[in-house]
Amino acid sequence: MKIAANDLKRQHDLHAEEYNAKAVEVLDSGWYILGKEVKEFEKEFAEYTESKYCVGCASGLDALQIAFRVIGVHEGDEVIVCSNAYIACDMGVTLNGGTPVMVEPDEYDNLDAEKIEERITDRTKAILAVHLYGQSCNMTRIMEIAKKYDLKVIEDCAQAHGTTWNGRKVGSIGDIGCWSFYPTKNLGGFGDGGALTTNNETYAEEFRVIRNYGSKKLHYENDIIGMNSRLDELQAGLLRVKLKYLDELNEERMKIAARYDREVSNPHIRPLQTRPGSNNIYHQYVIHSDRRDELMNYLKENEIGTIIHYPIPPHLQKAYAYLGYKEGDLPIAERYAKEVLSLPMYNGMTQEEQTYVIEKLNSFK
Ligand SMILES: *Cc1c(COP(=O)(O)O)cnc(C)c1O
């Protein structure tokens, strides 16, 4: 049996008629940028995330770049980021001239709140809380620390559409939530897309101006130097369809995860636990293994696809060589990069496929 690490066609097929009808509707409307679909999606997604405002943009990275710009991160300013997260987190900071200060993850593979304070300096401006793999950071501790040192909190929710912390949706707890609708995300579009959420009206207004060439109007009156970072009407329309099913789609992933939790039993495989206080929408089903590369090859020989999120931590990437980190500086992130593996987990994955993966995992010696 051949099993891909991810199969987006399966998810599409669950509601294909509705997507196809919406695509035709938007194409036939004759209006493709900043129209009714974006407006409606922003309203619906603000409601879903329990935020007052939502502003669409072109990608998750753009959302991060815009968020750090709006809170005033400039050259020389520092932002606390998690050392094992996706490199977009760091780029959102450095595109504004800021410096990411990397803090190691805890046993839930998320920013270790207890290690933040020792890295705060008089140049620290903000904490980026990345809700990695689908579960929430310890937002209670992060908000306490932010309050104590007068820092802003940006939440990277690109892997957390529907994640909650003590019952409250992420993306509305800190100052700004940044979202990606890249096709593989739990709320994935059919191309690139992103959004920002906030309860701050001034921020929301600034997001709208920055994403549209620095203009409050649709065209030709530019108050500041902005970006072209708009969510397309077509994407917004399709995301509105998927948003209706998001909780259902998340539930399906949770069911697959629960089965893996229950039935995978192998001393070389340690499934990532979920932090008490958070739910887990399982953007990825991540395991740690002391023999990760062997396990990955073995699964590949059995036609089971897996992915490593992420094989090289940002501080060891060429792009960030100038920050001066070297191997051994962030040992937990470096170890996790050698241990983590994301198992096949997608909407529309059949029981038989799950059984096959579980059997193969259990017979790995
Ligand atoms: C996907 C992702 C991003 C970037 O989103 P894009 O839409 O691909 O730019 C940022 N942060 C995290 C944690 C992500 O997973």
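Let's start with the ligand: S59, G60, L61, Y86, A88, V130, D156, A158, Q159, S180, K185 and Y310 surround it, each having a heavy atom within 4 Å of it. This is a predicted model, where local features need pLDDT of at least 70, side-chain atom pairs count only at pLDDT 80 or more, and totals for chains, interfaces and linings use all residues. Residues are numbered from 1 along each chain as its sequence is written, and side-chain values use heavy atoms, with hydrogens and water left out.

**Around the ligand**

- A polar backbone atom of G60 sits 2.8 Å from an oxygen atom of the ligand.
- L61 also brings in its backbone, with an N or O atom 2.9 Å from a ligand oxygen.
- Q159 uses its side chain instead: a polar atom there is 2.7 Å from an oxygen atom of the ligand.
- Y310, one of the surrounding residues, is joined to H309 by a cis peptide bond, with omega at about 10°.
- You'll find Y310 in the loop between α9 (292-301) and α10 (331-339); helices (H or I, at least four residues) and strands (E, at least two) are DSSP runs, numbered from the N terminus.

**Two domains**

- The chain splits into domain 1 (8-244) and domain 2 (246-363), with bounds taken from an automatic or database domain assignment.
- Their C-alpha centres are 24 Å apart.
- On the contact count, 49 residues of domain 1 meet 44 residues of domain 2, where contact means heavy atoms within 4.5 Å.
- About 3,800 Å² is buried between domain 1 and domain 2, and carbon and sulfur atoms give 53% of that; buried area is the accessible area (1.4 Å probe) that two parts lose on being put together, summed over both.
- R10, Y133 and N186 supply 20% of the area that domain 1 buries against domain 2, more than any other three residues.

**What holds the interface list together**

- The rule finds 2 salt bridges across the interface of domain 1 and domain 2, each a side-chain nitrogen of Lys or Arg within 4 Å of a carboxyl oxygen of Asp or Glu.
- E353 and R10 form a salt bridge, their closest N and O atoms being 2.7 Å apart.
- Elements giving two or more residues to the side of domain 1 that touches domain 2 are α1 (8-14), α5 (88-94), β3 (99-103), β6 (164-165) and α8 (233-263).
- β3 gives the largest share of that side, 4 residues.

**One more backbone detail**

- D109 isn't a glycine, yet it has a positive phi of about 65°.
- Look for D109 in the loop between β3 and β4 (124-130).

Technical notes: A polar contact is a pair of N or O atoms within 3.5 Å; within protein, one must be able to donate a hydrogen and the other to accept it, and residues adjacent in sequence count only if both atoms are side-chain atoms.
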